[in-house]
Amino acid sequence: SGYAEGKNMEAASYDWRLAPQVLNQRDKYFEEMATRIERLDEGSGVAVLGHSMGNKVVQYFLSYMKQTRGQAWLDSHVYSWIACGAPTLGAAAAARATLVGDRMGLDTFLSMNEAIAMGRSFSSAPWLFPLGLHAQSSVYLRRQGMLEIRCDSADFYRSMGFDPNSAVELAVQVDWGSHVDVLRSDQSSVFDGDKAIWPKSGVVVFGAPPEMPPNANVTIFIKERKWLQDQCDCYPGVWCFLKWTLFFPITMIALAFYILRAFMFMRNIINEWCTGRGGWGIARGSTTPLSLNFLEGHRGRWITIDTPMPESPTWPCFHFCRSWWKSPGKVQLELRWRRAEDLHREYLGGPIISSPTGIADNGAMPAAVSVQHGNRSEEVYDRVSLKQMMQLEGCKQ
């Protein structure tokens, strides 16, 4: 006569976010499941069907019941276990979600940092980590160095016409010779129009080539987070009053300049997005390119350096009382460079293992410890264990 829900068939839903021991501790899940199986059993035992991660639940349930009620209970009440799509060797996707985040299709609502925090909050995640040989060859880490840059302060000497009520952020551009990377800093924590100060925690981290390229350099772009600011350097008083009230033609000219400034503002924003230095800040100047080769002699140590910021043109504006005196500014940076070999020793506990690179002839898992990228031969990936990756990402044991 088939199966009828509630009579000889039941669904056993569970909270997939929880590890099995937490699931049982909070919901008495496995005790309740045993009770339901006993109620459904008509004398010949019950067929338990699991789907996907549900098979891990069934597997844990069978082990739990064997320990708590013995093999005799299983022989009496469980006729068979039907596994559909069972991740018996784990799933690499679970490790990926914990290590680097998985927004699960919610890209509109979740940032990657939120996705990482969410993935690491699921106690069930390690339950699905890859096992056995599958685990040994499921994670490959690109061989690369690391460049860390922290801005301490920047002096502008009012030469760029900053508004003290706005904020300043930096776009850090590193030219590796073969490609260019751009990252943005946080907003300055202190800014008075002349000097900006950033918190010590504001570090931008670049994935770099394994060795420092001979022509690598860094340029800092100064960006002001304000819509349209008045650059008049005069004191409030007679001149501003005359300009806006008595001299109507001059007011019209000033209005035309403001419209021109708005146009240049939009052009500036579009240009910043096109060059990869996006954000809502207005580009106001940049430092001279700083060669990074000197860092090779200071590997692993923070180095403080001042990089000059040459004069740059300000927004077009007409003011009777405008001061045209300018003086160059500077940006104080802290930099730290580590090669791929240094990172491997520090975070993975040993040197990079030298071995032939390639893919197994049968197209199966990579046979070598190191694998070369199929289209970009300069990129090499080293096989690491899942435990090493967890250690690298700062995840708890």
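Me: How many bridges join strand β4 to β14, and how do the two run?
Reply: Happy to start there. This is a predicted model, where local features need pLDDT of at least 70, side-chain atom pairs count only at pLDDT 80 or more, and totals for chains, interfaces and linings use all residues. Residues are numbered from 1 along each chain as its sequence is written, and side-chain values use heavy atoms, leaving out hydrogens and water. Strands β4 (residues 145-155) and β14 run antiparallel, and the bridges joining them number 9.

Me: In β14, which residue is the bridge partner of I149?
Reply: Strands here are DSSP runs (E, at least two residues), numbered from the N terminus, and two of them pair if DSSP finds at least two bridges between them. For I149, the bridge partner in β14 is L335.

Me: Which residue of β14 is the bridge partner of M309?
Reply: Strand β13 (residues 303-309) also runs antiparallel to β14, with 7 bridges joining them. The partner of M309 in β14 is G329.

Me: How many residues of strand β14 are buried?
Reply: Buried means under 20% relative accessible area, exposed over 50%, and partly exposed in between, with a 1.4 Å probe and protein chains only. Strand β14 covers residues 329-338 and is mostly covered. Of its 10 residues, the buried ones number 8.

Me: Why does T98 count as buried?
Reply: T98 lies in helix α5 (residues 92-99). Leaving aside neighbours within four places in sequence, T98 is in contact (heavy atoms within 4.5 Å) with G119, R120, A125, F129, M390 and C395. T98 counts as buried because its relative accessibility is 5%.

How values were computed: Helices (H or I, at least four residues) and strands (E, at least two) are DSSP runs, numbered from the N terminus.
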